[in-house]
Structures are given as structure tokens and as C-alpha cells.
Amino acid sequence: MSSSPTNSGELPPGVQLFKGKVVVIGEYSVGKTSLSNRFVLQHAPPKTEPTIGAAFQLRTVLLPNTNNAVKLEIWDTAGSERYRSLMPMYYRDASVALVCYDICNAKTFDRVSSWIDDFRKAADGSDAKLQPIVVLVGTKSDLAATGKREIPADVALAYAQSENIITFETSARMNENVTEVFLAAASHIVKEVKTCEERAAALAIQQGVNGNGRAGSKGYKVDLRDAGANDTTTNGFKKRRPQQTPEEKKCVC
Ligand SMILES: Nc1nc2c(ncn2[C@@H]2O[C@H](COP(=O)(O)OP(=O)(O)OP(=O)(O)O)[C@@H](O)[C@H]2O)c(=O)[nH]1
Ligand SMILES: [Mg+2]
């Protein structure tokens, strides 16, 4: 991807703002908090505390070469077994699961399928309109150079292909591929919302209803007029308060 999310300024005029939920899951200590912090806060302190339950952060990203921005609701969850039974609660309405493993710890990779299964089970039982995806995220890639790697990149890639999911190797420490992971999540959300709108529009036509084709995306688009002055996204985007045109008044979805 050519550009990283901007840290300053307002959303450019004409940008459509979407929103979606991302859960970061995987075994304890694989680096979920570091990955999330690197993306949202733009730093990943070497010392972290184990997450209790889950932590929630927001960041808005502008998708390169598009007029789409996505407000990502990022749920960084605890990997410890003691919180496992709580996880389905966090999976609810998530459009993307970042399933993390540590490339230097084979046990965390062995557990990936169980995290994916749990997430998919929760998604199957949910009435969320957007089809969720799983992204497999190898963490701590900076340690590969020290000879600590236990999971070869091609093993992870073969597994991802067998599961029909995409995969990245990342380093929160060195800020490698972190933005790319979240941009992939944001792209999926935009694609799904648009598919959802098309489906709703087709259904409305089929049923002879005078629908506006937007019902299907309800809750996944942000009306910029609702953006309060203090509702600054964590990457520094301040939402614009554009002049409301008569056309826009009809377009709250
Ligand atoms: N070398 C290196 N270490 C990392 C990286 N990301 C995380 N770590 C280290 O791995 C340890 C655990 O990181 P966390 O981000 O707290 O892991 P977690 O998955 O959130 O852990 P839980 O909240 O307990 O589930 C910390 O010591 C981090 O500094 C990375 O990219 N490179
Ligand atoms: Mg954590």
C-alpha cells in the first residue's frame, strides 16, 4: 500500500466515512496490544501488561487512492485462558478478526485454528449484516533475524491459503506491515458495506419497494454531521462538519 494513514488534518472533502469493528485475538503474549498500540498510538512500548478482558481503541484511516475513510473500532482482547469464555461477547458484530500468533512460538501458531473456529462460530450465530473475515497475523517478525523463528513464512502462507484467508508478518517493534494489516481490514469493511447496499437495493427493486438501497448498510456508515467537536479520531483526523445540502438530508444511513 502506498500511503499510511494521515495523522493530521481533516477528512478531505467528498470523503465517505464508514465504520467497522475489528477484534484482535490470539494466545497470550503474542503481541496483540503492541500491534494495536502501534497502529492507534503509533508507538509500541517494550514493556506491556497482560490485557484484562479487552481494551477498545478508535482510529480512522483514509484508504489510499479512494474517497473512503473507515473509523475502525479496535478491540484488543486478552489471550489468557481465563478470559476465553468472555471472548464471544467481543466477537459480536466484528467485521474482521486479526488472529495473531508469534512467529517465534510454534505453540501460538498451533492454537490459531481454535481461535479462528471460535470466531467463525460466533459470527455464524450473529445477525451482523457484514460478512466477517479472518486475517492471520504473524507477530514479532523483527526477531526472525536473531534466529528465533519457529514458524517459517511459507508454512503460515500455506495454512492461510488452505483457510482462504490473507496473512501478514508484522513487527510492532519495528513498525513493519502494521498499517497494511489494518488497511486490509478497512478495505474489507468498505467492500462489505457496498455489497450490502447493492443487495438491499436489488431486494427493494425485486419487492417493488421504493427503497433507497441504503437500508442494508445501516449502522456501518457515519453521518459526518453527527461528528461532535470532541469526536476526534485517534489518528488525528477531525471530522468535518460540512454544510448540509438538501440531498445530504436524505442520505443519513
Ligand atoms: N521483539 C518484539 N517483541 C514484541 C513485539 N510485539 C510485542 N512484543 C513483546 O511481546 C510481549 C507481549 O506483548 P503484548 O502486546 O502485551 O502481548 P498480548 O498479546 O497483548 O498479550 P495478552 O494481553 O496477555 O494477551 C511484550 O514483551 C512485548 O514487548 C514485536 O513486534 N517485536
Ligand atoms: Mg494484550
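1. I would start with K191, a residue of helix α6, where helices are DSSP runs of H or I of at least four residues, strands are DSSP runs of E of at least two, and both are numbered from the N terminus. K191 counts as partly exposed because it has 15 C-beta neighbours inside 10 Å; by the cut-offs used here, a residue is buried if 20 or more other C-beta atoms lie within 10 Å of its own, exposed if 12 or fewer, and partly exposed in between, with C-beta atoms placed from the backbone. The C-alpha atoms of K191 and L130 are separated by 9.4 Å, although the two residues are 61 residues apart along the chain.

2. A word on the basis of these remarks: this is a predicted model, in which local features need pLDDT of at least 70 and side-chain atom pairs count only at pLDDT 80 or more, while totals for chains, interfaces and linings use all residues. Residues are numbered from 1 along each chain as its sequence is written, and chains are lettered from A and ligands numbered from 1 in the order in which they are written.

3. On the overall architecture, the chain contains 7 helices and 6 strands, which follow one another along the sequence as β-α-β-β-α-β-α-α-β-α-β-α-α. Of the 253 residues in the chain, 40% are buried. When contacts between residues at least 6 apart in sequence are considered, 73% of them join residues at least 24 apart, a contact being a pair of residues whose C-beta atoms, placed from the backbone, lie within 7 Å.

4. The largest nonpolar core has 56 residues, and V22, L98 and V99 are those with the most contacts inside it; such a core is a set of buried Ala, Val, Leu, Ile, Met, Phe, Trp, Tyr and Cys residues joined through C-beta atoms within 7 Å. Helix α6 (residues 178-206) supplies the largest share of this core, namely 10 residues. Because domain 1 (5-191) and domain 2 (193-249) both give residues to this core, it lies between them; the domain bounds come from an automatic or database domain assignment. If residues up to four places away in sequence are left aside, V22 touches L72, E73, I74, W75, A94, V96, L98 and A185.

5. Strand β4 (residues 96-102) deserves a separate look, since 7 of its 7 residues are buried. In a regular strand the side chains alternate between the two faces of the sheet. In β4, V96, L98, C100 and D102 point one way and A97, V99 and Y101 the other way, and all are buried.

6. The pairing of β4 can be followed on to two other strands, where two strands pair if DSSP finds at least two bridges between them. Strand β1 (residues 16-26) runs parallel to β4 and is joined to it by 5 bridges, with I25 standing opposite V99. Strand β5 (residues 133-139) also runs parallel to β4, here with 7 bridges, and V99 stands opposite L136 in β5.

7. An antiparallel pair is formed by strand β2 (residues 54-62) and strand β3 (residues 68-77), which 9 bridges join. V61 stands opposite V70 in β3. The two strands make a hairpin with 5 residues between them, and N65 in the turn has a positive phi of about 60°.

8. Two further residues with positive phi might be checked in the loops. Q42 is a residue other than glycine with phi near 65°; this residue lies in the loop between α1 and β2 and is partly exposed, with 17 other C-beta atoms within 10 Å. N164, likewise a residue other than glycine, has phi near 60° and belongs to the loop between α5 (153-163) and β6 (166-169); N164 is exposed, with 8 other C-beta atoms within 10 Å.

9. Around ligand 1 there are 21 residues, of which G31, T33, T48, T51 and G79 come nearest, a residue being near a molecule if its C-beta atom, placed from the backbone, lies within 6 Å of it. Helix α1 (residues 32-40) gives the most to this shell, with 3 residues. By class, the shell has 7 nonpolar, 10 polar and 4 charged residues, where Ala, Val, Leu, Ile, Met, Phe, Trp, Tyr, Cys and Pro count as nonpolar, Asp, Glu, Lys and Arg as charged, and the others, Gly among them, as polar.

10. Finally, K121 lies in helix α4 (residues 112-124) and counts as exposed because it has 12 C-beta neighbours inside 10 Å. K121 and Y91 are 30 residues apart in sequence and 9.7 Å apart in space, C-alpha to C-alpha.

Definitions and conventions
Two residues are in contact if their C-beta atoms, placed from the backbone, lie within 7 Å.
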